Amino acid sequence: MSKLEQIQNLDNSYFMNTFGPRFPVAFESGEGCTLYDIDCKAYTDFFAGIAVNLLGYAHPRFTAALHTQIDKLIHTSSLYYIEPQAKLAEALVTNSCLDRVFFTNSGAEANEGAIKMARKYFFEKGESRYEIITAKQSFHGRTLATLAATGQSKYHVPFEPLPTGFVMVDYADASAVENAINEKTCAVMVETIQGEGGVILGGKEYLQELETICKKHGILLILDEVQTGIGRTGHLFSYQNYGIEPDIITLAKALGNGVPIGAFLAKQHVADCFKPGDHGSTYGGNYLACAAGLAVMDELLNTDLLEHVKQVGQYLLSELSKLGEKYPFVLEVRGEGLMIGMQLSEELLPKDICNLALEKGFVVGLSGGNTLRFLPPLIIQKEHIDALVICLDEMFKTL
Ligand code: PLP
C-alpha cells in the first residue's frame, strides 16, 4: 500500500466525512511557491491554502519569527498583558481607518464578534435594532450565526432553526439594501469581493453607495475581509481600493500565514459598546498567533510586496483573460490583485480541471458558480504564471 493510501485509509476510518473525497494528494513540505507531496513531487501553488499562505512556504523571516516565539512562550491567555498582541493591534489600527481590535481564532469567530458588536452597539443606545442585511451567495462561516448570515440556503437547511435577524438581498445592488432597511436594522454585512460565491466583485460604486446608505440610516457597515484582507487585492485591506471607511472589518486567513488567527476591528465609538465581560476567547490573540501576525504585517509594510501584488495580479488577470478568449467554455475571467476567478460554462466541472492540474503539478481551487479560483501566495512570480497558463492551455485543448 502506498503512503498516500495509508493516510487515506486512516482518514476514511477516523475523520468525520465533512470534506467528502479530498484531492488525492498529501503535501509534506514547501518552499517559496512550491509544495512537495509525500512522494517528493513538486506542485506550484495557486491556492495558498484558500488565501492563507501569503508568504508561501518556509519563508525565512516568518519561520524565524515563529521559532523565536516558540522558544519563549506560546500561550498564557488574555488574562495577562501580551506584548505581541498589543503590537499587532497597534500595527492593524495604525494602518487602517479602524481604532480597536479583538483577536479570534478564525474568520467565522471574527464575524460572530462583529455580529455581536453590531447588536450591542444599539443595545447600549437603548434601540431595539438587531437585524443584519447580508448578500445572496455570500459566505461568512460555519458557526450557527455566521451560517445564518451566509446567503446560501444549501448551508442552512440541515441546521435549522438558525439564529434569526438576518435578511439577504442581491449582491452588488445597493438599492436592494436600502429597500430592506427598517426600524430593526442594525448593520449591513458584505464581502468586498465574494470569494466562496464565485469571485464576484461588488465594485467601487456599490461599496461607496453602501457607505452612504449606512451613514444616512445611522446603521453600521461591516465588511467581511476574511478572504480579501491582508494584501490579497494589492492593498492591506481591500476597502482601501474604494475610498470608503467601514465601521467594522473582519480578518483571518492570511493574517497568520497559516497560524490560526482572526480579528475584528471597529471604529472607536462602535468598539466602546463592548464592556468587560461582553466578549472573550481562550486562545484568541495568543503569543504564537500574534507573532505570526506581526511577521506578516512586517513583510507587507516594510517590503514592496503590496506593489508586487498589484503588478503580478494584473499580469495573472490579463494572461488568464487572453487564455479565456481562446476557449468558448471560459465565460469570464475577473478579480482584483491576486484573487482571480475563471467562470466556466456549465458542461465543465471545475473539480475535474483542478484534478488534471494537480496531475500536472499545479494547485488551483474552486469556488461557487462553476468558477476556478486562483489565490496564489503573494510572492508568486511571472514565471510561475507563464507556466500555469501553458499548463491550462494544454489541458483546455483536450476538453
Ligand atoms: N468569511 C469569508 C469571506 C470567508 O471566505 C471565510 C472562509 O472561507 C470565512 C468568513 C470563514 O472563515 P473560517 O473558515 O476561518 O472560519
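A pocket is an open set of grid points, on a 1 Å grid over the protein atoms alone, with protein on both sides within 12 Å along at least five of seven lines. I applied that term to this predicted model.

**Entry: the second largest pocket**

I looked up the volume of the second largest pocket, which is about 890 Å³. I then asked which of its 31 lining residues are closest to its centre. They are Gln 85, Val 101, Phe 102, Phe 103 and His 279. I noted the elements that give two or more residues to the lining: the helices α4 (83-94) and α9 (268-271), and the strands β4 (100-104) and β12 (262-266). Sorted by class, the lining holds 16 nonpolar, 10 polar and 5 charged residues.

**Entry: α4 against α10**

I recorded the crossing of α4 and α10 as left-handed. On the α4 side, the contact is made by Glu 83, Pro 84, Gln 85, Lys 87, Leu 88, Ala 91 and Leu 92. On the α10 side, I listed Tyr 287, Cys 290, Ala 291, Gly 293, Leu 294 and Met 297. By class, I found 9 nonpolar, 2 polar and 2 charged residues in this contact.

**Entry: α3 against α10**

I next examined helix α3 (residues 60-72) with helix α10 (residues 287-302). They pack at an angle of about 155 degrees, with their axes 9 Å apart. Because angles over 145 degrees count as roughly antiparallel, α3 is roughly antiparallel to α10. The crossing of α3 and α10 is right-handed. From α3, I noted Arg 61, Phe 62, Ala 65, Leu 66, Gln 69 and Ile 70; they meet Tyr 287, Leu 288, Ala 291, Ala 292, Ala 295, Val 296 and Glu 299 in α10. The residues of this contact divide into 10 nonpolar, 1 polar and 2 charged.

**Entry: α11 against α13**

I looked up helix α11 (residues 305-326) and helix α13 (residues 382-397), whose axes come within 10 Å and cross at roughly 15 degrees. Angles under 35 degrees count as roughly parallel, and α11 and α13 are therefore roughly parallel to each other. α11 passes α13 in a right-handed crossing. The α11 residues in contact are Val 312, Tyr 315, Leu 316, Glu 319, Leu 320, Leu 323 and Lys 326. Those of α13 are Lys 382, Ile 385, Asp 386, Leu 388, Val 389, Leu 392, Asp 393 and Phe 396. I counted by class 10 nonpolar, no polar and 5 charged residues in the contact of α11 with α13.

**Entry: backbone**

I asked where the cis peptide bond from Glu 160 to Pro 161 is placed. Pro 161 is found in the loop between α6 (144-149) and β6 (166-169), and omega of this bond is near 5 degrees. I also noted Ala 48, which has a positive phi of about 50 degrees although it is not a glycine. Ala 48 is found in helix α2 (residues 48-51). For context, most residues other than glycine have a negative phi, and most peptide bonds are trans.

Note on methods
Residues numbered from 1 in each chain as written. Predicted model: local features only at pLDDT ≥ 70, side-chain atom pairs only at ≥ 80, totals over all residues. Heavy atoms only, no water. Axes fitted to C-alpha atoms, helices over the stretch in contact; angles between N-to-C directions. Helix = DSSP H or I, 4+ residues; strand = E, 2+ residues; numbered from the N terminus. Parallel < 35°, antiparallel > 145°, perpendicular 65-115°, else oblique. Left-handed = near helix turned anticlockwise from the far one by under 90°. Contact = heavy atoms within 4.5 Å. Nonpolar A, V, L, I, M, F, W, Y, C, P; charged D, E, K, R; others polar. 1 Å grid on protein atoms, 1.4 Å probe; cavity = no way out; pocket = protein on both sides within 12 Å on 5 of 7 lines; lining within 4 Å. Points joined across faces, edges and corners; volume = space filled by probe spheres on them.
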